[in-house]
Each structure stands twice: as structure tokens, then as C-alpha cells.
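Have the structure open while you read.

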Amino acid sequence: MQFTIPKIAVVLIVLAVLGVVAAAIAIPLTNAPTFCASCHTIKPSYDSWFTSTHKEVTCVACHVRPTFEGFVQDKVIKGTHDVWVTLLGIPKKPDDLHAKVYSEVCLACHRNMLRISEVATRDLPGPLKKAGLIMEHRKHMEAFKKRGQEEGCTTCHASVVHGKPYKGYPNVIPRGHIKMDQLPAAEKAALEASMVKAHRTMDCFRCHDGKTEYEGKVLSRKCLTCHLSENLSDFLF
């Protein structure tokens, strides 16, 4: 008795094999930062990434969660949408791009930050080395979770890769630490750019405003709440 495979089964098998081969080629190709930079809208983000402290970390390492759900939602669905808009739609301006980076992705490399209550002086950017910084990351992450407003690592560190740092701060754009009337006109104009302006509204003073309460205590905006030195004005302004 001769056994024959239905034509539809043959077609499905061939399609499945072709799909696997295509995925094996497409996934590594589209994971490369140079592929992302092929879109002129993302090119400025690529350029800022290339000169950042995260230049050894690929785009997908931060923008695609390492789960099946993350792969489908962050890479397949959003990636397909970006390609569609680039080819057939009207791409956004570079300054209007907004991409969510989930805290669990950051913590995959930086989980040790949850175990310390003070940032070592050697790890601080120039202007902060003498002033010091008291920053308990775990307490802030717990507070963000309770607030339920989707806050996380990038609430404070939004500029670490793509933002423009000011006064030597590579990690946070310190809105409250910049005296606007002392900035050159060019810097004032840059501060109003949509991406930078959005980051500036998410620094420490968004919560530490002397009014907001957390666990029954008012979040002070006094310098010594976060810094060690009494001579702060010499270093921060």
C-alpha cells in the first residue's frame, strides 16, 4: 500500500521551512543597530547611541523585552508598524519619537543598584563627585510601583543614551539644577526641544517639590535630601 502525502501538507511543510529560514536570516539582520539606522527618522537616535555609554548594547537589548510576549509586541508588531510607516506613511520627526524602555530590561544588567543606598563617588559624573549623592534605588522603585503611573528607571535616567546631557551630567537632565537665565541662547533653545523638554519634566523635582507626600512624609526639595556636601552651590550651579 503506497502512502502519499496530501498536497496541502506538502505546501504547509514547505512554507514552514521557508518561514524558519527567513526568520533565521531576518532576526539577526534586524537586530543590528545599523539596520535601525537605515531609517532616517531613527538615524539621530543611532548617532546619539553610538557616542553614549551604552554603545556596546544593541537597540533590541533595551527596546525588546527578553520574553516571547516582548518579542512579539516590541519587535514583531511595533517593528512591522515602523517599517510600514517608513515605507508608506509619514514618519515622525526624530524629536517626536517615544519608545518605552521597561525597567526589567535595565535591571537585567543593573540589578545591583537595588542593593545600595548611596552611589559611590568614583561612579559619579564630574559635577557630583564633590557633592556626593544619596540615592536609594530600591525605595524609589517601590514608590513608583505604588504610584502606578508606569514610572521606572527612565523616569530619572531618560537621557542616558539618546538625550542631551547638560553641565556634565550624563545620566539625568537636572531641571531644578539649571538656572535658565544663566544659559547661553543656544542651550535655552535646545532645552525647549520636545525630547529634551519631556525629559526635564521627569527629574527629581517632579516628586521632591516640597508638597508631594509619600508614606506620610513630605518629599523635601532641600539639597541635603539627596546630597552630602554643604557647599553644593559651588558644584551644581
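K146 is exposed, with a relative accessible area of 58%; exposed means over 50%, buried means under 20%, and partly exposed is in between (1.4 Å probe, protein chains only). Keep in mind that this is a predicted model: local features need pLDDT of at least 70 and side-chain atom pairs count only at pLDDT 80 or more, while totals for chains, interfaces and linings use all residues. Residues are numbered from 1 along each chain as its sequence is written, and side-chain values use heavy atoms, with hydrogens and water left out.

Helices here are DSSP runs of H or I with at least four residues, strands are runs of E with at least two, and both are numbered from the N terminus.

What sits on the buried side? In α7, which covers residues 137–147, the buried residues are H137, A143 and F144. Looking down the axis of α7, these buried residues fall within an arc of 125 degrees, so they line one face of the helix. That arc is taken from the directions from the helix axis to the C-beta atoms. The cover over them includes α8 (153–157) and β1 (213–214), where contact means heavy atoms within 4.5 Å. Just past the end of α7, G148 has a positive phi of about 65 degrees.

Now for the charges. A salt bridge here is a side-chain nitrogen of Lys or Arg within 4 Å of a carboxyl oxygen of Asp or Glu, and that rule gives a count of 6. Here are some of them:

| Pair | N to O distance |
|---|---|
| D47 and K43 | 2.9 Å |
| R65 and D74 | 2.8 Å |
| K146 and E215 | 3.0 Å |

Back to K146: its side chain meets that of E215 in a salt bridge. This pair ties together distant parts of the chain, with K146 in helix α7 and E215 in the loop between β1 and β2 (217–218), 69 residues apart. E215 counts as exposed too, at 61% relative accessibility.

D47 and K43 both sit in helix α3 (residues 43–50), 4 residues apart, about one turn of the helix. D47 is partly exposed at 35%, and K43 is partly exposed at 36%.

What about R65 and D74, buried or exposed? R65 counts as buried at 11% relative accessibility, and D74 is buried at 9%. Along with K78, R65 and D74 are linked in a network of salt bridges.
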